[in-house]
Amino acid sequence: MIGLIDCNDFYVSCERVFRPDLEGVPVGVLSNNDGCVIARSAEIKALGVAMGAPAFQLQGMVRSHGLVLLSSNYELYGDMASRVQAVLEELAPTVEPYSIDEMFVRFEGFSSPALDAHCRRLRKRVRQYTGIPVSVGVAPTRTLAKLASRAAKQAPGDAGVCVLAAAGPETRGLLQRTALDGIWGVGRRLVERLHLMGIRTAWDLRNQDPRRIRRRFSVVLERTVLELQGVPAIEMNDVAESRQRIMTSRSFGRLTEDPGELREAIREHAQRGAEKLREQHSLCRAVLVFLKTNPHRQDLPQSSPSLIVELDRPTDDSRDILHAARLGLQRIQRDGHRYMKAGVMLLDLVDAHRQQLSLLDTPQRDADRQRSERLMATLDTLNRTMGRGTVKFGMPSPDAAWHLRCANRTNRWTTRWEELPRVRLR
């Protein structure tokens, strides 16, 4: 059996762990630069606030309904997700993270009553150890587990657990109540085409011939049909696949034309991209640098330049990538333009363990290569054990324009010593 552990209202729940005064209060978490709502508590949903609602439109509700809007605190959310995963790994043999707030787990060897009891114990343990409420959906396949998790979240009271068999009255009833757009991986365009065939619910889709669905649509939808029938057909291999390109970018907190601030932004993005590159054991052959002005400010000069800088050889060395990014920025920046976004993309990635030099690549002495590998490994180890950004190339200015606007961010309670709560004795 496969379980899906879904953290309820995850961003808001993370905030409430350290801010118990927010319990029962309508809370929304905002996107980068405090733009719009990306996470909502049950209380704010009850007030009719939609996902994606612009923050400036909610200021009246802040005063009239006590609405609390918080800046996103991704460092806290990421660390809390790691803590949830650590608890799950104590109670399940295999844990497969699917997103920051969802994780698949495998349960083997349980009878049905014992499995239900184990899931309730797991749910209680996560809440006790991390403070995060979760819903647990269990079924023979991942697609059914996703539906079971949603049913568990909607269950009345404090149940929070739903275990589905491949076939049975509960499974049938749930599939009959589930519209096509509620099925994992079924998008709007597929829904429209399936409606033309008279297929309107998950139960209708389950009863289709998988081979016919494959001929009419794709092997992906065929697997979905099999999964709805209780036959495992979807694996998580794609999650572990290396990315073919790595993009690191972000909008600025305010417009800037300052060359120093633009260099800092590009430097931060380039070295973060290099870290991601090493995490997936890849090398890159080229670096793309881009800038973007605000298209909504037609009173200002507009420009969205980009440039690809080819590297002498495939590399994951932050110093080489930073040098290429700096050269690219120098060539595309224009005086008199105020930019709202900058980014770096690493291109033409190759496996670090299977690289083949082309005739155009500049050879590198083995001693230099080994020295580079040791230096980058040391850098990554320090940042992994002591916290991201402990060792970096260049120090960013604290008030630079490229920093995100996050006026209402709470403390990063679990990862920053200087932001720990302080107790004073009188």
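Which residues are linked in a network of salt bridges?

1. The network takes in Glu 75, Arg 409, Arg 412, Arg 416, Glu 418 and Glu 419. Like everything below, this comes from a predicted model. A search of the whole structure finds 24 salt bridges.

2. Arg 409, at 31%, is partly exposed.

3. A salt bridge also forms between Glu 268 and Lys 392, whose closest N and O atoms are 3.3 Å apart. This pair links distant parts of the chain: Glu 268 is in helix α13 (residues 259-279), Lys 392 is in the segment after α15, and 124 residues separate them. Glu 268 counts as buried at 15% relative accessibility, while Lys 392 is partly exposed at 27%.

4. Glu 222 and Arg 214 meet through their side chains in a salt bridge of 3.4 Å, N to O. Here Glu 222 is buried, with a relative accessible area of 11%, and Arg 214 is partly exposed at 46%.

5. Ser 71 belongs to strand β4 (residues 68-71). Is this residue buried or exposed? Its relative accessibility is 0%, so Ser 71 counts as buried. The side chain of Ser 71 makes a polar contact of 2.8 Å with the side chain of Asp 34. A polar atom of the Ser 71 side chain also lies 2.9 Å from the backbone nitrogen of Asn 408. Beyond its neighbours within four places in sequence, Ser 71 is in contact with several residues, including Glu 15, Val 29, Tyr 77 and Cys 406.

6. Strand β7 (residues 134-139) has 6 of its 6 residues buried, so the strand is largely enclosed by the rest of the structure. In a regular strand the side chains alternate between the two faces of the sheet. In β7, Val 134, Val 136 and Val 138 point one way, and Ser 135, Gly 137 and Ala 139 point the other way.

7. Which way does strand β1 (residues 2-7) run relative to β7, parallel or antiparallel? The two run antiparallel and are joined by 6 bridges; Asp 6 stands opposite Ser 135. With strand β8 (residues 161-163), β7 pairs in the parallel sense over 3 bridges. Cys 162 in β8 is the bridge partner of Gly 137.

8. The structure holds 8 aromatic pairs. One of them, Phe 18 with Trp 413, is stacked, at 5.8 Å centre to centre and 15 degrees between the planes. Phe 18 lies in helix α1 (residues 10-18) and Trp 413 in the segment after α15, so the pair ties together parts that are 395 residues apart in sequence. Phe 18 is partly exposed at 29%, whereas Trp 413 is buried at 15%.

9. The rings of Phe 104 and Trp 184 have centres 5.7 Å apart and planes at 40 degrees, so this pair is tilted. Phe 104 is in strand β6 (residues 102-106) and Trp 184 is in the loop between α7 and α8, 80 residues apart. Phe 104 is buried at 1% relative accessibility, and Trp 184 is buried at 19%. Arg 142 lies over the face of Phe 104, 5.4 Å from the ring centre.

Methods: Residues numbered from 1 in each chain as written. Predicted model: local features only at pLDDT ≥ 70, side-chain atom pairs only at ≥ 80, totals over all residues. Heavy atoms only, no water. Buried < 20%, exposed > 50% of the residue type's maximum accessible area, 1.4 Å probe, protein only. Helix = DSSP H or I, 4+ residues; strand = E, 2+ residues; numbered from the N terminus. Pairing = 2+ DSSP bridges. Polar contact = N/O pair within 3.5 Å; in protein donor to acceptor, adjacent residues only side chain to side chain. Contact = heavy atoms within 4.5 Å. Phe/Tyr/Trp six-rings, centres within 6.5 Å; stacked < 30°, edge-to-face > 60°. Lys NZ or Arg CZ within 6 Å of the ring centre and 35° of its normal. Salt bridge = Lys/Arg side-chain N within 4 Å of Asp/Glu carboxyl O.
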